[in-house]
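Hi,

Here is the structure I promised to pass on. Please have a look at it, and below it you will find my notes on what turned up.

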Amino acid sequence: MVYDLLIIGAGLSGLFAGCLAARRGKQALILARGLGGTHVGTGTIDVLSELTSLDKRQTTLDHPYGLAGSHALLAALDELKTICAEAGYPLHGDLNANFRLPTAAGATRQTCLAPETMIAGDLSRPQPFTLADLPGFRDFNANFAIVNLQPSVNSYQLSVIGLPIPHAPTHRDAYATDLAHLFDRADYREQLIEVWRPLLTHAPKRIGLPAILGLDHAVEAKRHLDSALGIELFEIPVLPPSVPGMRLFDILRNDFQARGGRIIIGPTVSGRIENKRATVTADANGRKREYEAEAIILATGGFLHGGLTGEFGGAIRESVFNLPVAAPSTRADWTSEVFLGPHPFAKFGVQVNKQLQPIGKDGKPVASNLRAVGSLLAGADRLSEGSRQGIELATAYRAIELL
Amino acid sequence: MKLSTEILILGGGATGLGAGWDAALRGFKTLVLEKGDLAHGTSGRYHGLLHSGGRYVIRDPQSASECAHENALLRKIMPSAIEDTGGYFAATPADPADYADQFAAACKTCHVPANEIPVTQALKREPLLNPNLSRVFEVQDAACDSFDALHLLAGAVKSAGGEVFLRHRVTEILKSGDRVVGVAGEALKTGEPFTIYADLILNCSGAWAGKVAEMAGCSVKVTPGKGVMIAMNSRLVNTVINRLKPPSDGDILVPVGTVSVIGTTDTAVPDPDKYAIEDWEVDLLMEEGEQLVPGFKEHRALRAWAGVRPLYDPGGADSRLMSRAHALLDHETRDGVPGLLSMVGGKFTTFRHMAQLLVDAACAKLNVERKCVTADTLIEPPGAKLHTLPNRLAALERPLDDPTTRPPDPVICECELVTRSQIESSLRESGSPILNDLRRDLRLGMGPCQAGFCAYRAAGIIREYFNDHSTTGPPDPLTNFQLLQFLQERWKGERPVMWGHSLRSLELDLHIYHNILGVQNLPTEREMEVYPTEKTS
Ligand SMILES: Cc1cc2nc3c(=O)[nH]c(=O)nc-3n(C[C@H](O)[C@H](O)[C@H](O)COP(=O)(O)OP(=O)(O)OC[C@H]3O[C@@H](n4cnc5c(N)ncnc54)[C@H](O)[C@@H]3O)c2cc1C
């Protein structure tokens, strides 16, 4: 099998690039060692906390937004919304304004696109709400969040309500995914409605709960509970594993596969560049296989997902092709003394040209058939900017456009 | 607050608590004052090795014999803080060949049990060790968890009738004429001043002993010797491994709990409260680790920290050459200041012995004759168990056949198996909303994820505990601050080892706290820092 396109990495940018390619009739293969950022994220699409400064980012070529171009971001968001809507999981929002959503610690976070299951939590809305305290669930503390949230909504009083989750595992602690599997079942929700109904008689109609509303049928679950109980539920992202992130992963993977895309997760991928042409080898527990493709997209992410590694001796490496990464050789210069940053390492990454081709020290592309996208790219502190998913989508879009 | 007591002890490390325990057992009205939390000083940041004595046989034979003696004794009186790992002195190709014979002879003279064993036998027990070792001696080293040991000791002081006041900082020593009669200071929790009068004051403030003695107008030169250690994310060895060479940097690897700790370095620092961990120190320890365990640098380093040795300097010299032995200073004969004794220098391993000498001297000063009984008294309460994961797991396991009767007790820190009810009872006992105190009490946040998951969960529990589930009212800058401060404190120890997996883990933690939880946007009030933390890691 000869593929038109080989994508390395199954995070948001790799999967999205795969979907776009498949939707344009290309034969694509995604190779990844493991899962990407979707499983540890919030399941929202952050473009920039200060959306108003987007123009500035998009005019500088040091920044991935500048390399992708403004049209790419816009088109990427549109196409992602189409894919999700077709899967019955609409994403809301646009580049005009961010949602202001509550976090599980009671802070506010700005995000551009959010799933239907979350948007009723927008703190700009004037109705009072209550947060659900699920007894025994460690990863969401309503009492902690609520006191911190109160000042951001000073026009009304917030509260906490205890809502039991029948049939949650008792032989071990429940993770968000355990509870999500329960919410996926209509018969379970019927039971839940009976348990919750009497508890909700005096509660505000807007109710926030941890992001556990189902993996495969989240929107259905929300609509079911909302209408049966006369309430408006909204989800708040919690500690990993991220249920809303897994939904995005599933939607993109399904869309990709339904259009003939192939995805292999598990092997370690290493690359080689000879005569300006990149090829890769996938090593699955010692069974090696070489792949060639007309085009290769490197979407292996930053440090967390292994796209970049920082070594004891002071070198930063790109892990598949050993592409050059400019970084200081003193470890102390990689991080800040302040835990929450900003940290210099956040901007380390692979340098690319306007074609998104990784470039060598001479400024020339290292291989003619290789492009890099997503969190691997140098030049943006995604955390401080609140730009992670926006960059992943826009650069993936641009890379496919350039094929 | 005004109080009086017979014996007042300044400093709640191993030496001070040991002295408090000994004095209380001898029937003195006893009070121990500590400016921080338990294990706040050097005793909470040492290497964790209950010395066999082997390390000192050549340079400091007296310390060697004392260690050997106390090591055997402590195993009997506080077994639940000690893991009998045993120890090796092992000669790597980088070590001087002639040292082994000197070592063997000196062990005999100092009565430090040491048996030469075949290298193959050592490698069978510790397969990761350098296969090119030339000689190996087996000694009686053990690992001693300082948090466990100090909590046991503080409990023992109390059950013997003494008292321990934490977060009470002494700022002044009160005199009547030349005689020391009491101290004044501040209770850091409430900001309230206190004055305490005593018949006799024992200065057990370790690396701070010089500062404390100065308050009484006495000059004691204690050179704080900074030592850096690195915790590796797994037990690379199950036996304490010492390099068979003269003491130097990075020559000991100690298995402690779920990790193994390589250490240490030794640099004199001007102030025991101000020091940083330098990259070169970390590099050096990692390189030395490589000599003992080939591939050491590929393993994940979890965190680095430093402690300051209380090295007593009778005058001049480089601090490594300064004696690690202890010195009892009688300020009456030495400086003409009655009412004050100081114990300086020494080791964790010999704390009981130092306490005994000190309280013997106190008895003489107070003109009473009371025998020391600590050598024959069990320190721990019945049922106390060494904090190992198997023991914690056993405590967690409940009959699963009847899930309805099983009280839900969520595991909050999965790395160290700390449950919600343990956190609540620690909060009840200490009354302290400080996450770092929970860490020292329960080991919360000490495992591989370095508090990535548990800090949020535990902060929520603190919030609920101290605010009685009230959901209205003003935001809670104190709990927010505790959370942020705890993350920052953990970060200080992680930052020196930020490469490889630690860097990945940092990105995950930032994902959680910056992105998912947005804690950088929470209201906190820096002024809320009522309990200063003065340590660097
Ligand atoms: C890096 C390193 C590794 C070591 N490894 C080992 C080892 O493996 N084995 C071993 O046996 N020994 C070891 N030691 C030595 C051992 O840790 C110390 O000798 C021992 O812990 C000292 O105990 P201490 O009670 O005298 O001092 P500390 O534990 O420091 O106690 C003194 C206390 O006094 C308090 N204090 C200070 N000023 C005031 C004030 N004004 N008011 C109230 N309280 C005050 C401090 O907060 C502190 O808690 C090591 C030391 C270092 C630095």
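**A helix pair in chain B**

In this predicted model, helix H13 (residues 454-467) of chain B packs with helix H14 (residues 477-494) of chain B at an angle of about 150 degrees, and their axes are 9 Å apart. Angles over 145 degrees count as roughly antiparallel, so that is how H13(B) and H14(B) run relative to each other. Their crossing is right-handed.

**Where chains A and B meet**

The other part of my notes is about the interface. Here 58 residues of chain A are in contact with 61 residues of chain B. Together the two chains bury about 5200 Å² between them, and carbon and sulfur atoms account for 61% of that. Which residues of chain A lose the most area to chain B? They are A:Phe144, A:Phe312 and A:Phe339, which together make up 16% of what the chain A side buries.

There are charged pairs across the interface as well: the count between chain A and chain B is 4 salt bridges. To look at a salt bridge between side chains, go to B:Glu414 and A:Arg138, where the N to O distance is 3.1 Å.

Happy browsing, and do write back with any questions.

Best wishes

Conventions:
Residues numbered from 1 in each chain as written. Chains lettered and ligands numbered in written order. Predicted model: local features only at pLDDT ≥ 70, side-chain atom pairs only at ≥ 80, totals over all residues. Heavy atoms only, no water. Axes fitted to C-alpha atoms, helices over the stretch in contact; angles between N-to-C directions. Helix = DSSP H or I, 4+ residues; strand = E, 2+ residues; numbered from the N terminus. Parallel < 35°, antiparallel > 145°, perpendicular 65-115°, else oblique. Left-handed = near helix turned anticlockwise from the far one by under 90°. Contact = heavy atoms within 4.5 Å. Buried area = accessible area lost by both parts, 1.4 Å probe.
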